[in-house]
Amino acid sequence: MTDSQKLDLILSRLDRMDERFDQVDEQFRKVDERFHKVDERFDQVDEQFRKVDERFDQVDEQFRKVDEQFRKVDEQFRKVDEQFRKVDEQFRKVDEQFRKVDEQFRKVEERLDKLEKEVSDLKLTIENEIRVNIKRVAEGHLDLSRNLHEALKIDNEKEMMALRINSLENEVRRLKERRVRLHHYKG
């Protein structure tokens, strides 16, 4: 091989090497572009992470506010529970007072029943015994009066009327007293 051939061979190899270097350069350029795109993508990802971090911060703040609201609601429930406890205690006291009032009403009813029975017994005694006896005495007195004082007929009638009026007044007085007592017990 001559020098010229050697040189041609070297040149040809150099050309191929140049081509390969060009290819390698092109490859490096493409890799560089890809790295640049990856860097841009990393920048975008970093921005996304920053936004996600901000969003997490906002969510954390919202959770803090919600936690505070729950704390306030819990406090309100505690106060409501306390109010219900007080109301329950008041109802218990009112129930106890109603039981006492019921017992007093029961005693008053017993006393009223007893008084009604006594009044009824007195009424029967007055109607069946005392009134009849008063009439007999009055009739006997009237007979004696007629025999002794026929001339004083008008006075006898006045006396009889006075007795009847007295009897009626007593009966009206008893009825009024009974009405007042019944009204007092019912009121």
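Helices are DSSP runs of H or I with at least four residues, numbered from the N terminus. In this predicted model, that definition gives two helices and zero strands in the chain. One of the helices, α1, covers residues 3-148.

Side chains of opposite charge can pair when their charged atoms come close. A search of the whole structure finds 13 salt bridges. Three of these pairs are set out below.

| Pair | N to O distance | Spacing in helix α1 |
|---|---|---|
| E33 and R29 | 2.2 Å | four residues apart |
| R71 and E68 | 2.7 Å | three residues apart |
| E82 and R85 | 2.8 Å | three residues apart |

Why are E82 and R85 separated by about one helical turn? The reason is their spacing, because the two residues stand three residues apart in helix α1. The side chains of E82 and R85 form a salt bridge, with their closest N and O atoms 2.8 Å apart. E82 has a relative accessible area of 29% and is therefore partly exposed, and R85 is partly exposed at 46%. Salt bridges that share partners also join E26, R29 and E33 into one network.

**Surface patches**

Which residues gather in a patch of negative charge on the surface? They are D15, D18, E19, D22 and D25. D15 lies in helix α1 and is partly exposed, with a relative accessible area of 46%. This value meets one condition for membership, because patch residues must have over 30% relative accessible area.

A nonpolar surface patch is made by L7, I10, L11, L14, M17, F21, V24 and F28, and its area is about 780 Å². L14 belongs to helix α1. Its relative accessible area is 41%, so L14 is partly exposed.

**The chain as a whole**

The chain exposes about 17700 Å², of which carbon and sulfur atoms supply 56%.

Terms used: Residues numbered from 1 in each chain as written. Predicted model: local features only at pLDDT ≥ 70, side-chain atom pairs only at ≥ 80, totals over all residues. Heavy atoms only, no water. Patch = residues over 30% accessible without salt bridge, like charges linked within 9 Å, V, L, I, M, F, W, Y side chains within 5 Å. Areas by Shrake-Rupley, 256 points an atom, 1.4 Å probe, with all protein chains shown as cover. Lys, Arg positive; Asp, Glu negative; His and termini not counted. Charge placed at Lys NZ, Arg CZ, Asp CG, Glu CD. Buried < 20%, exposed > 50% of the residue type's maximum accessible area, 1.4 Å probe, protein only.
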